[in-house]
Amino acid sequence: MKPGLALSIFNGGPITIVVAYPSGGDVDAMARTYAEKLAGRLGRPVIVDNRPGASGTIGSAAVARAKPDGTTLLLAPSTFAIAQQVLKVGPNIAHDVVRDFTPIIKTGSIPLLLVTAQSSGIKDLRQLVTLARSGKPLTYGTPGAGSPMHIAGELFNSAAGIRIIHVPYRGLAPLLNEVLGGHVSVGWMTTGAAAEHVASGRLVPLAVAERKRTKLLPQVPTFAELRYHEVEVTAWMGLLGPKGMQADAASALNRDFDDILRLPDVQAKMSAMGIE
């Protein structure tokens with residue numbers, strides 16, 4: 001089957017990739033890269049539509065309600081599969097992550113990192129735990145309630161026997177600004193989002209929530225190395241459509257994206273963002 005052939009049976013016009021977070025984050029950046037490549041393969045416009053709010057459930061609900069004709073897709077992080085399980089959502093955005101979507105392809109996995117601003121004075125994870133156990137009020141920021149970062153934060157609280165208070169934001173971009181500004185004590189984010197600011201010294205990396213150290217920041221220890229073996233959470237990113245998509249359309253998109261993910265420039269951008 002030629003690239004995009006299955007989609008050609010539908011009416012012409014643009015394809016929309018919904019990103020359920022603000023512009024500037026990892027998911028948005030990769031959606032725009034994929035959209036450019038997909039547009040070139042299909043010969044039709046591919047638009048990225050940011051619909052942030054409610055830990056991604058607003059945007060994903062919009063895709064769940066869309067016509068299953070292959071023209072409305074969702075590029076989602078693993079928050080997509082978690083948020084519905086841990087949040088109270090209204091009937092307008094409630095959906096079943098298994099029943100209401102057609103999975104197309106997993107595009108990558110993303111290591112998670114705990115960081116703090118250089119201005120906080122916190123030098124390592126041991127100092128953070130000592131401060132928390134001393135009774136000092138501390139907060140940790142994440143890109144949203146129900147995100148993998150939220151899960152990692154609570155796993156760390158449990159493993160260390162401490163209580164750092166969760167502060168959710170509406171995506172990685174606003175979270176990064178708040179951590180850099182010192183408005184939260186520490187922040188959970190992807191290695192790609194933090195790498196530039198770690199290199200400049202504005203962010204201090206404390207630990208990565210992976211079994212092995214990440215290639216992007218090989219100097220940063222894992223939580224397991226620091227004896228917090230329970231803190232191991234890997235985020236992922238994937239493409240989905242509404243339920244009821246024709247199998248040939250979903251298969252064609254799978255092949256298109258598989259080819260796109262193998263392009264050297266796409267792989268280079270993903271690697272630079274810490275996406276494996």
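The lining of the largest pocket consists of D124, L125, R126, V129, L206, P221, E225, L226, R227 and Y228. This description rests on a predicted model, and residues are counted from 1 along each chain. The space in this pocket comes to about 210 Å³. By residue class, its lining comprises six nonpolar and four charged residues, with no polar ones. Helix α4, which spans residues 125–133, gives the most to the lining, with three residues.

One of the lining residues, Y228, also takes part in an aromatic pair with F156. The structure holds five aromatic pairs. In the pair of F156 and Y228, the ring centres are 5.6 Å apart and the planes stand at 90 degrees, an edge-to-face arrangement. F156 belongs to helix α5 (residues 148–160), whereas Y228 is in the loop between β8 (203–208) and β9 (234–242), so the pair ties together parts that are 72 residues apart in sequence. F156 has a relative accessible area of 2% and is therefore buried, since the cut-off for that class is under 20%. Y228 is buried as well, at a relative accessible area of 14%. Ring pairs also bring in W188 and F223, so that F156, W188, F223 and Y228 are linked into a cluster.

Strand β3 (residues 72–77) runs antiparallel to β9 and is joined to it by four bridges. Within this pairing, L74 is placed opposite L240 of β9. Strand β4 (residues 101–117) also runs antiparallel to β9, and nine bridges join the two strands. Here F101 stands opposite P242 of β9.

A further position, T16, lies in strand β1, which covers residues 15–19. The relative accessible area of T16 is 19%, which places the residue in the buried class, because that class takes values under 20%. When neighbours within four places in sequence are left aside, the contacts of T16 are I47, D49, T71, T72 and L73. Of these contacts, T72 falls within strand β3, at residues 72–77.

Terms used. Predicted model: local features only at pLDDT ≥ 70, side-chain atom pairs only at ≥ 80, totals over all residues. Heavy atoms only, no water. Phe/Tyr/Trp six-rings, centres within 6.5 Å; stacked < 30°, edge-to-face > 60°. Buried < 20%, exposed > 50% of the residue type's maximum accessible area, 1.4 Å probe, protein only. Contact = heavy atoms within 4.5 Å. 1 Å grid on protein atoms, 1.4 Å probe; cavity = no way out; pocket = protein on both sides within 12 Å on 5 of 7 lines; lining within 4 Å. Points joined across faces, edges and corners; volume = space filled by probe spheres on them. Nonpolar A, V, L, I, M, F, W, Y, C, P; charged D, E, K, R; others polar. Pairing = 2+ DSSP bridges.
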